Amino acid sequence: MTGIDYSQKIPNNVDLKSDKRLQRALERWQPDYIEWWKEAGPTDFNANDVYLRTAVSVDRDGWAHFDYVKMPDYRWGIFLTPSEEDRKIGFGDHYGEPAWQQVPGEYRGWLRRLIVTQADTEPASVEQQRLLAHTAPSLYDMRNLFQVNVEEGRHLWAMVYLLHSYFGKDGREEADELLERRSGNADHPRILTTFNEPCRDWLSFFCFTMFTDRDGKYQLLALAESGFDPLARTCRFMLTEEAYHMFVGQTGVARVVRRTCEVMNEFPDADPREHGAIPLDVIQRYVNFWASSSLDLFGAEVSSNSANFFSAGLKGRAHEEKFEDHLAQDAEFELERWKDDQLVRERVPLRNAMNEVLREAYIADNQKGVEYWNRECEKAGIDFRFTYPNRRFHRTIGEFAGAHFDPEGNPIDERTFAERQHEWLPTEKDRDYVESLMKPVTEPGKFAAWIAPPLRGINGQPIEFEYVRL
Ligand code: BYC
Ligand code: FE
Ligand code: FE
C-alpha cells in the first residue's frame, strides 16, 4: 500500500484507522505537537501562506506536492516505504534471519534509546532555527527555511509513530518528553551537543544544513539497515526529504562565496566588508565550527555501544550491501588514537569502530561539498581554497576531546590553541559582523547584498516568485 490516506486527521500509509488505540494515542499527542510548534517553532509566521512541498505518496516519482499552506495546517503524516517481502536482517549476529516486525524483547532498551536520540534532534533543529525567518535574505530563502522546518517536524512524527506503536506506555512518555526538552535550555536541554548550539544567523543555518543535516543523512542510512523493519522503512522515506536539506546548505554557502568573490573582483583593494560581503576567511571559520561540532555527533571512535547496536542488528553501516563481510566478527579496523599525549595508530575490533566507519563515509561526502565551494572561487578567478578541518580539530566527544589540534590535525598545546583559535573559529568580531548583515529582504526576487541569487527557483517557479505571502 503506497497511497496516503488524506481523509484522516493524521495522513498515513500505515492503515492507522484499523488500530483505534494507536490512532487515539497519536490524536492525543497531535494538539501537544501543534502547541509545541506554535511556541517553539518559527514564531510569527504561522498565519502566512508558504509555498511548501508536502509528501503525498511514497512512490519514487511524484511523491511530493507543492502548494501554498499555512505552517500549522501542514499535513504532517506518517509514511513508511513499502515493505520488502521476506526481508532479512543484513548484518550482525542475526544476519540472514527474518527482519523483525515487532521489537525484539532483548533489545528493547537499545532500540528505544536509538529512536529517542534520533527523534530528539528533529524538534531541536526547529527550535534552533526559530528566529531566522525574521532576517531572511530573500523570500526564496525564507521558504527554504520553512520547508526544512516542517520536514523536521514530520521526522519527529515519524519517530513518535514508532514510539507509540511499538513501545507502549514508556514510548508514549518518551514522545511527551520530546516536546518538553528545549534546545539550549540549561535545565532541560536536547540530548546531543550540536543541537544545543545557537543558530542565530543565516551563515550558521547554511553550515548547519550542510554539515549537521548530513549527519542526519548518515545516521538515517545506518538506521535504514536496521533489522527492526518499521524503523528501516521509516528512515528510508525520511532520506527522500533529507536530500533537499543538504542542498539548502551546500548551495547556501556556495551563494555566499559567489557573492564575496564578485565583490573581491569588483573592488580588489577593498575589504569585502566595506561592500557588505562576508570575507572568505570568516566563512572558513564558520565551516570549521559547524563541521567539527557535527563530527561529534557520530559518538566515540571506539564505542561498545556501537558494537552492541551492530551485533544486535539494530544499526548497520551506510549502504551495508556494499560491504563484503556483514558479520564483522573477527575483523579489525585501524584508526588513530590519542594515548599519553601521542597520536598512535591502533587496530581495534571492527564492531567497536562502527561510529568511525560511518564518520569516514560522512567525511568523504563533506569533502566533495567543500570542493564544490572551491569551484566557485576558481570560476571567479579568486585564489582561495576552503578546507574541511581534520577530524581531530575542536572535538568535544570521543578520542580527541580534551586535547588540542590545529585544523590540519597536528597536536598543539593548550596555549597555542588559545592564541591561535581566532584564526580557526568564529571570533566575537566575526559574529558581530555577520549578525550586522542579518536584515530581512522581503521583496520577491530581491536578495541581501551578502548572498548571490540561486541558479533557479523552486519546482520550476521563477526566482522572483512570491514564495511566502507576508
Ligand atoms: N553529544 O559510546 P558513544 C539528524 C554520548 S542528526 C552528547 O560514542 P554512541 C538531524 C552517548 O550518548 C542524526 N552526547 O555513543 C540533523 C553516550 O552516552 P551514555 C541523529 C553524546 O551511542 C539536522 C556517551 O556519550 N541521529 O537527524 O556509540 C536536523 C558515550 O558515547 C554525543 C542519531 O544520532 C554527542 N554528540 O554514539 C535535524 C542516531 N555523542 O551511554 C535532524 C541515533 C555521544 O554514556 N544515535 N554521546 O549515557 C546514535 O546512533 C548514537 O546514540 C550516537 C552516539 C551516534 C549519537
Ligand atoms: Fe530530519
Ligand atoms: Fe534534515
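## Strands, ligand shell and loops

Modeller: We can begin with one pairing between strands, in which Asp49 has Lys70 in E2 as its bridge partner. Please keep in mind throughout that this is a predicted model.

Colleague: Which residue is the bridge partner of Asp49 in E7?

Modeller: Asp49 belongs to strand E1, which covers residues 49-55, and E1 pairs with E7 in the antiparallel sense over 2 bridges. On the E7 side, the residue that partners Asp49 is Arg469.

Colleague: In what order do the 3 strands of this open sheet lie?

Modeller: The edge strands are E2 (64-70) and E7 (468-469), each of which pairs on one side only. E1 is joined to E2 by 7 bridges, with the two strands running antiparallel, and Thr54 stands opposite His65 in E2. The order of the open sheet is therefore E2-E1-E7.

Colleague: Is E1 largely enclosed or left open by the rest of the structure?

Modeller: The way to judge this is to count the buried residues of the strand, and for E1 that count is 5 of 7.

Colleague: How many residues of E4 are buried?

Modeller: Strand E4 runs over residues 342-349 and is joined to strand E3 (residues 332-339) by 8 bridges, the two running antiparallel; one bridge pairs Glu336 with Arg345 in E4. Strand E4 is hardly covered, and among its 8 residues the number that are buried is 0.

Colleague: Which residue in the hairpin of E3 and E4 takes a positive phi?

Modeller: Most residues other than glycine have a negative phi. The hairpin has 2 residues between its strands, and the residue there with a positive phi, near 50°, is Asp340.

Colleague: Which helix gives the most residues to the shell around ligand 1?

Modeller: Ligand 1 is surrounded by 25 residues, the closest being Ser125, Gly216, Gly299, Ala300 and Ser303, and by class the shell has 6 nonpolar, 13 polar and 6 charged residues. Three helices, H2 (108-128), H5 (202-223) and H8 (304-311), each supply at least two residues of this shell. With 6 residues, the helix that gives the most is H2.

Colleague: How far apart are the end C-alpha atoms of H7, and what span should its residues give?

Modeller: Helix H7 has 17 residues, 280-296, and 16 of them are buried, so the helix is largely enclosed by the rest of the structure. At 1.5 Å a residue, H7 should span 24 Å, and this agrees with the distance between its end C-alpha atoms, which is 25 Å.

Colleague: Is Gly227 buried or exposed?

Modeller: Gly227 is in the loop between H5 and helix H6 (229-266). Leaving out residues up to four places away in sequence, Gly227 touches Ile89, His94, Ala99, Trp100, Gly313 and Leu314. A residue needs 20 or more C-beta neighbours within 10 Å to be called buried; because Gly227 has 27, it counts as buried.

Colleague: Asp86 and Ala328 also interest me; is Asp86 buried or exposed, and is Ala328 buried or exposed?

Modeller: Asp86 lies in the loop between E2 and H2 and has a positive phi near 55°, while Ala328 lies in the loop between H8 and E3 and has a positive phi of about 50°. Inside 10 Å, Asp86 has 7 C-beta neighbours, so Asp86 counts as exposed. Ala328 has 24 such neighbours inside 10 Å, and therefore Ala328 counts as buried.

Notes. Residues numbered from 1 in each chain as written. Chains lettered and ligands numbered in written order. Predicted model: local features only at pLDDT ≥ 70, side-chain atom pairs only at ≥ 80, totals over all residues. Near = placed C-beta within 6 Å. Helix = DSSP H or I, 4+ residues; strand = E, 2+ residues; numbered from the N terminus. Nonpolar A, V, L, I, M, F, W, Y, C, P; charged D, E, K, R; others polar. Expected span 1.5 Å × (residues − 1). Buried ≥ 20, exposed ≤ 12 C-beta atoms within 10 Å, placed from the backbone. Contact = placed C-beta atoms within 7 Å.
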